[in-house]
Amino acid sequence: MLNSKEYILFTVSVAFALLVGATALMPASVYSSDWWFWLWATVALGIAIAICKCRLWRRPSVFGLHLSLLLILAGGGLTALTSVRGSVHLQPGTETAHFTTDAGEAAELPVPLTLDSFTPEYYPGMTFPRDFHSHITTSDGRSFHISMNRIARIDGWRLYQGSFDGQGGSVLLVSHDPLGTGVTYTGYALFALSGLAMLCSRRLWRSFAAASVLLVSLSASAAPAVPDSLSRALAEKSVVFRGRTVPYAEMADELTRKLTGRTSVGELTAERFVASMLVYPTEWADVPFLLVKSDDLRKHLGAEGKYVSPASLYTSSGTYIPQDLFGKSRRLDEEILKLDEKMALLSELWSGELFTPAAEQLSPAQTRTHMLWTHLKPWKIYFMLVFTAAVLSVFLRRPVAELVCFAIGIGIFVWNRAVAGYWPFSSSAGIVEFTAVMLCGLCVLVRRKSRVAGFIMMIMAGCLALVGWLSAREPSLTPLMPVLASPWLAIHVSLVMLAYAVLGSTLAVSLAACVMPGRRHGYVGLSLSLLAPGTYLLGLGIFVGAMWANVSWGRYWGWDPKETWALVTLLIYAIPLHRSLGLRSRPVTFHVYVALASLSILMTYVGVNYLPSLHSYL
């Protein structure tokens, strides 16, 4: 057991982390309150006292890490006290000299602005915006081009593309933070450098080197169908679909899975099913092929099975039935919106707006790449491969199966990038699959010290890969939002999810310690070698996300539930790294704590999706 001093420090640390997480359930006014400001000021004071009491300057990397936290807190305080944020609505040809602050007050711009033009940029063949472009001129003759993730800096002020009024006007976000951003960014840089130095120390250099390598790294009713020869002839033709140029077969596969939850309808392939719906829309309107997963929604619709027909969603007078059901409950509303999305896709299909022939056909090599992806379903093969490798790992002395899974996973991820046109980090399926691949890579390292922990990690990776595949069976057909069309996306998400993979792998070590009690003490060192790089990577991921938010919205921290709980996870996993808390000298307490800490990752990735959040994946 912990002694009284260690117990008090440990309890206070955990209580503080949970208090921060609990604020995600509180009103936004909490974060602008005086008590919240002074709470974090107290934390800063506590860090300063710890630096002095423990004479951390004798250990430069540890001193730099704690000093970076002081700078980040100081920068946040300066931002809260000295920054100004607001928005300005510009009309074409009209000079504007004032903006409205977030507090609702009128304030003067650093220089009067005139909007020369506002132009939305759309995905090819769609009305979904890919970017927004505002061209402005200052009263002294300077010209600026502002778009999503492209800032205009004017005399120390920053202007961001916010929204538009649909009548040629543009709404820009205004931010002036003369002190806070610089101090905070200095803290981010010092955290990155000092954390790198600490991980490269004699005790932890192998863990960090490993992390660096990973970084680089339906039954259809009788309905008319077109001849199979026609669908085969269409399969490799290039079409513009949801802003991408893809083979017809890929478009048909994604649309069929979205509408029906399957890759085929009865005996019809996806290509033949979509072609048949185009040729015989009236007949197919009466066929129950739209998948409705919710029992509650099916009950309200009077559906007998899992599938409903488009025509059954309307009354004889033409009223759309789900519309009358909206507002009964949040969960029912979510299912109605999913059904609405399917109906919208059908409407686009039957109006001829869902896809169009591509002006330029894909090359034969590109077409083969897309066609193989569509027919092989690589992520389906991958989860089965990982489970097979987990079984084989029991009989193999070296982590050959794990290494093969990691290498194949990286290859599939690169292949996915080539097919989608961007790194698949914007969907929950892509994020989970990436994490599964990273776990396989980590398993190569962990298994050298513990076969049991390695086997558990491979089972975890297989489960994640299976969840990713099941999530991808009903694909999202909405293109990337403008703010996500940024290189920051891949960097931020890969860092954070790699961190979660590293930190989550400590659960496997703790479970192995339960199975092999005689090795609990040794497994503490194995967990610590994972906790250090995992915590560091999570910190980097959070700070990169903050910098991305500053580029996109003019603020680097907004206390969004996902941000808040990522911070809580960082705090919770940082606790065992502090010797003063005495956890590492108590193997049973240590492993129980680390196992329970994995719940914070679950809350961060899944739980906060049920709260109002900019990062929700539901």
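I take buried as under 20% relative accessible area, exposed as over 50% and partly exposed as in between (1.4 Å probe, protein chains only). The model is predicted, with local features needing pLDDT of at least 70 and side-chain atom pairs pLDDT 80 or more, while totals for chains, interfaces and linings use all residues. Residues are numbered from 1 along each chain as its sequence is written, and side-chain values use heavy atoms, without hydrogens and water.

**Entry: aromatic pairs**

I paired rings of Phe, Tyr and Trp (its six-membered ring) with centres within 6.5 Å; planes under 30 degrees apart are stacked, over 60 edge-to-face, the rest tilted. The count came to 27 aromatic pairs. I looked up Y31 and W36: edge-to-face, 5.6 Å centre to centre, with 75 degrees between the planes. Both Y31 and W36 are buried. Next I took F37 and W38, an edge-to-face pair at 5.4 Å and 90 degrees. F37 is partly exposed at 29% relative accessible area; W38 is exposed at 56%. I also found one aromatic cluster made of F16, Y31, W35, W36, W40, W557 and W559.

**Entry: α15 and α16**

I used DSSP runs for helices (H or I, at least four residues), numbered from the N terminus. Axes are lines fitted to C-alpha atoms over the stretch in contact, with angles from 0 to 180 degrees between N-to-C directions. The axes of α15 (residues 400-420) and α16 (residues 428-446) come within 8 Å and cross at roughly 150 degrees. So α15 is roughly antiparallel to α16 (over 145 degrees by the cut-off). I checked the contact (heavy atoms within 4.5 Å): α15 gives residues including F406 and F413, and α16 gives residues including F434 and M438.

Terms used. Helix = DSSP H or I, 4+ residues; strand = E, 2+ residues; numbered from the N terminus. Parallel < 35°, antiparallel > 145°, perpendicular 65-115°, else oblique.
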